[in-house]
Amino acid sequence: MKMSKMYIPTLKETPADAEVISHKLMLRAGMMRRLGSGVYTYLPLGYKVIRKFEEIVREEMNNSGALEVLLPALQPVELWDESGRLQNYGPELMRLKDRHNRDFALGPTHEEVITDLVRDEVRSYKDLPLNLYQIQSKYRDEIRPRFGVLRGREFIMKDAYSFDVDEAALEESYQTMYDAYTKIFSRCGLDFRPVEADTGSIGGEGSHEFMVLADAGEDIVVYCEECDYAANLELAKAKVEANGFNEDSLELELVDTPEASTIEELVESLDLPAHKMIKALLFKGEDELILALVRGDYEVNEIKLTNLLDLNNLELASEEDYDGLNTVKGFTGPIGIKEVKVIADELVMDIVNGASGGNKEDKHYLNVNPERDFEVELVGDIREVREGDQCLHCEGELKLTPGIEVGQVFKLGKKYSEPLGATFLDENGKAQTMVMGCYGIGITRTIAATIEQNSDEYGIKWPKALAPYMVEILLMGKNDEVLEEGERVYEELKESGIDTLLDDRKERAGVKFNDADLIGCPIRITLGARSLKAGKLEVKLRQTGEELEIDLENCLSSIKKIIKGLN
Ligand code: ATP
Ligand code: MG
């Protein structure tokens, strides 16, 4: 493509509302523009990258035996009622009415629509396994759309759905998708990790997320330094290490703790270490109040708590929720509290002579001993793991690092096939419910994540699989011979299938160099009168900054060799 005929509106200044690198660079490199909150237009350069990534995804999905379809984005809300998900999904579902006042939603995900299709179409075990996928825009009314296309309200996703005869067959389909995802993100040259994940509002029995390790990530990846264990912080587990308090239990005491309600203040005023404190947090479940207890040096993990109690919804209690309880906010503890369900983390239970809230203004209990001083309805793992905690599977220590979730695979089981009645006839002619899996990749988010991992102060450094163009040729000066020779090289590369951009604009050299760095094609070739005379081309590699000279003659084979060596 010739730059003079292309539309790449690069920006010198960083747009004020862009916080993260990928958002800034996608705007500055002329890849996209914002239409509204979380809604973007993809310009030719941006869309070219999207198409490159989509092709990689298509190839690997097709190789794995999945079949491409296109489902409607417009979905009748009755289907969501039928699956039982309408309530749980909540305000993230973009809803609208047609002229007959019928309710519709714009698809945030397509479990209902695909299951509706398959229940009508597939009759026999002979038609299974079946894996259908699509690449399409999705709509989610995110509470906080931000970071450009990392969290949009309209974004492109690849979603696939597998249908199997039983759990064992689902395991196979799941593994096939897991392997395909590994190939896809490896081909993009990304530094990523598959991690154990929570199933969230999609539901089901098991899940992995594919995380690109980058500071802009909104998730936290927990991984072991010694073994393969990796999980999202939302459900990561660590070994239970006993507190090791070797002391006799002392008599319970209620003491004054004016102006001390945080753990830090209490450590100071009570002169007790944080791991002897019992931190109590009040939550509101679906129809009851829950007091969650963790050791003072840990935080409550809300997702673990939600899963332990098998709830759909859990939130921190509001001021009003304290009305009528025999406690005071800031001084809440398990001793003597009524009308709440007390749930304790497993590390709380062996605290000896600890401290907890006194349930009265400016009061705390000392010498608190669980079981002796208060009862607990349920004990479980509800704490958030910390850096340095010991791995559950080996002697290694756990590390925490931010990650961007670019894909997720789920074992759904019968979560959708059962309520929607997706059945097939088995070998004995008996009706059985299908067993499902679902698999998503954020197309636009992956592109932003790639930029998060591949950029410098001057712009993007595309890995070769996703580069909009492999080579950019910059023509220097107004010399006709340079123009002619540049065009010849451009045609030669193009004809041999190398995606090439020719900067033939009448711009100053500085402008061309800056734009080339910003756009970030892996190979930059510069041709000016002087190099032409010497029969040379100047080559600079964007990823490493390496500069070299190649002969103008035979430049095609040299370029091909360079491409082979790129990441
Ligand atoms: P998140 O936890 O980040 O909100 P999710 O777990 O709800 O994402 P899934 O339902 O698993 O997302 O969707 C599949 C993939 O779609 C995700 O792995 C992610 O790459 C992408 N995705 C999800 N939400 C968005 C969004 N708001 N903007 C861009 N991509 C998204
Ligand atoms: Mg997800």
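**Exercise 1.** How far is an oxygen atom of ligand 1 from an N or O atom in the side chain of Arg445?

*Solution.* The model is predicted. Start with Arg445: an N or O atom of its side chain sits 3.0 Å from a ligand 1 oxygen. Next, take Gln408. One of its polar side-chain atoms is 3.1 Å from an oxygen atom of ligand 1. Then turn to Glu142. Its side chain places an N or O atom 2.8 Å from a nitrogen atom of ligand 1. Finally, check burial. Alone, ligand 1 exposes 580 Å², and the protein buries 87% of that.

**Exercise 2.** Describe the shell around ligand 1.

*Solution.* Count first: 15 residues surround ligand 1. The closest are Arg140, Glu142, Arg151, Gly152 and Glu405. Sort by class: 6 are nonpolar, 4 polar and 5 charged. Now assign strands. S8 (154-164) and S21 (398-413) each supply at least two shell residues. S21 gives the most, with 4 residues.

**Exercise 3.** Characterise the cavities.

*Solution.* Step one is the count: there are 2 cavities of 30 Å³ or more.

Step two is the largest cavity. It holds about 70 Å³ of space. Its lining includes Arg151, Glu405 and Arg445. S21 provides the largest share of this lining, 3 residues. By class, the lining has 4 nonpolar, 2 polar and 5 charged residues.

Step three is the second largest cavity, with about 30 Å³ of space. Among its lining residues are Met26, Tyr42 and Ile447. Helices H2 (44-63) and H10 (443-453) each supply at least two lining residues.

How values were computed. Residues are numbered from 1 along each chain as its sequence is written. Chains are lettered from A and ligands numbered from 1 in the order in which they are written. This is a predicted model: local features need pLDDT of at least 70, side-chain atom pairs count only at pLDDT 80 or more; totals for chains, interfaces and linings use all residues. Side-chain values use heavy atoms; hydrogens and water are left out. A residue is near a molecule or strand if one of its heavy atoms lies within 4 Å of it. A polar contact is a pair of N or O atoms within 3.5 Å; within protein, one must be able to donate a hydrogen and the other to accept it, and residues adjacent in sequence count only if both atoms are side-chain atoms. Accessible areas come from the Shrake-Rupley method with a 1.4 Å probe; for residues, only the protein chains shown count as cover. Ala, Val, Leu, Ile, Met, Phe, Trp, Tyr, Cys and Pro count as nonpolar, Asp, Glu, Lys and Arg as charged, and the others, Gly among them, as polar. On a 1 Å grid over the protein atoms alone, a cavity is a set of points where a 1.4 Å probe fits but cannot get out, and a pocket is an open set with protein on both sides within 12 Å along at least five of seven lines; lining residues have an atom within 4 Å of a point. Grid points are joined across faces, edges and corners, and a volume is the space filled by probe spheres set on the points.
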